[in-house]
Amino acid sequence: MKSRIFRLGLLASLLAAHAALGAGDPLEDRIDISLHDASVVETFRSFGELMGANAVVDPALRGPVTVELKHVRVRTLLDAVCESIGCRWTLEPGERPTLKVGLQENVKRNRYLPASLKEPIDLRITNAESRDILKTIGQILSIETVEIDPEVSGPVTFDLRHTPVEKILDAVCQKVGCDWKISDGESPVLRVTAKGRRK
């Protein structure tokens with residue numbers, strides 16, 4: 001666990017200077033990350049470093065944090081981590097911005113944006129359960145509710161690079177015979193149905 005946190009901290013230190021200089025939006029920087037059973041506080045402090053921001057983490061949050069994503073925006077990564085542990089984040093502006101992370105009910109929810117479906121990521125999996133992959137995609141999109149038809153299942157293998165999330169959803173469904181749809185509204189739902197069923 002310590003070695004993984006150290007790798008994230010090292011990555012943060014390398015990119016923090018870039019963020020601090022104001023070279024673009026640090027939330028749009030793309031990184032690779034691999035964490036297993038990492039500390040919540042240390043994880044978000046490292047994210048704060050990466051963005052040149054102070055991190056304030058609600059002590060009520062509990063981990064551990066386990067996530068492995070490649071070539072994703074920092075914004076998407078924050079959303080994915082928070083979806084996995086039940087938190088919400090905000091980045092408050094200032095001479096040195098503040099990354100605030102709290103329980104879902106204590107921090108205003110970041111609304112899902114359709115543009116997130118265009119987010120290109122890398123996905124390399126071998127014989128992974130399709131239902132697990134669909135749930136992970138829901139986390140990446142900051143969608144709290146993922147409804148999957150019981151008939152949708154089966155292993156999938158992919159080596160996709162810089163592929164939009166919506167194309168990955170299409171690819172999973174093509175492999176296991178399903179259709180997907182995201183409902184509109186304040187709290188969107190990702191619904192996955194067996195091929196031929198009404199969505």
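A residue is called buried when its relative accessible area is under 20%. In this predicted model, Thr76 has a relative accessible area of 9% and is therefore buried. Thr76 sits in helix H3, which covers residues 74-85.

Attention can now turn to the nonpolar core. In soluble globular proteins, nonpolar side chains tend to be buried together. Here the largest nonpolar core has 56 residues, and the members that touch the most others are Phe44, Leu77, Leu78 and Val192.

A sheet comes next. Three strands make up an open sheet with mixed pairing, and their order is S7-S10-S9. Strands S7 (145-148) and S9 (178-182) are the edge strands, each pairing on one side only. On average, neighbouring strands of this sheet are turned by 10° against each other, direction ignored. Strand S10 (residues 189-194) pairs with S9 in the antiparallel sense, over 5 bridges. For Asp179, the bridge partner in S10 is Thr193.

Helix H4 (residues 130-140) lies across S7 and S10 and runs at about 155° to S7. Helix H5 (residues 165-176), in turn, lies across S9 and S10, at about 150° to S9.

How values were computed
Residues are numbered from 1 along each chain as its sequence is written. This is a predicted model: local features need pLDDT of at least 70, side-chain atom pairs count only at pLDDT 80 or more; totals for chains, interfaces and linings use all residues. Side-chain values use heavy atoms; hydrogens and water are left out. A nonpolar core is a set of buried Ala, Val, Leu, Ile, Met, Phe, Trp, Tyr and Cys residues joined through side-chain atoms within 4.5 Å. Buried means under 20% relative accessible area, exposed over 50%, partly exposed in between (1.4 Å probe, protein chains only). Helices (H or I, at least four residues) and strands (E, at least two) are DSSP runs, numbered from the N terminus. Two strands pair if DSSP finds at least two bridges between them. Axes are lines fitted to C-alpha atoms, for helices over the stretch in contact, and angles run from 0 to 180 degrees between N-to-C directions. Contact means heavy atoms within 4.5 Å.
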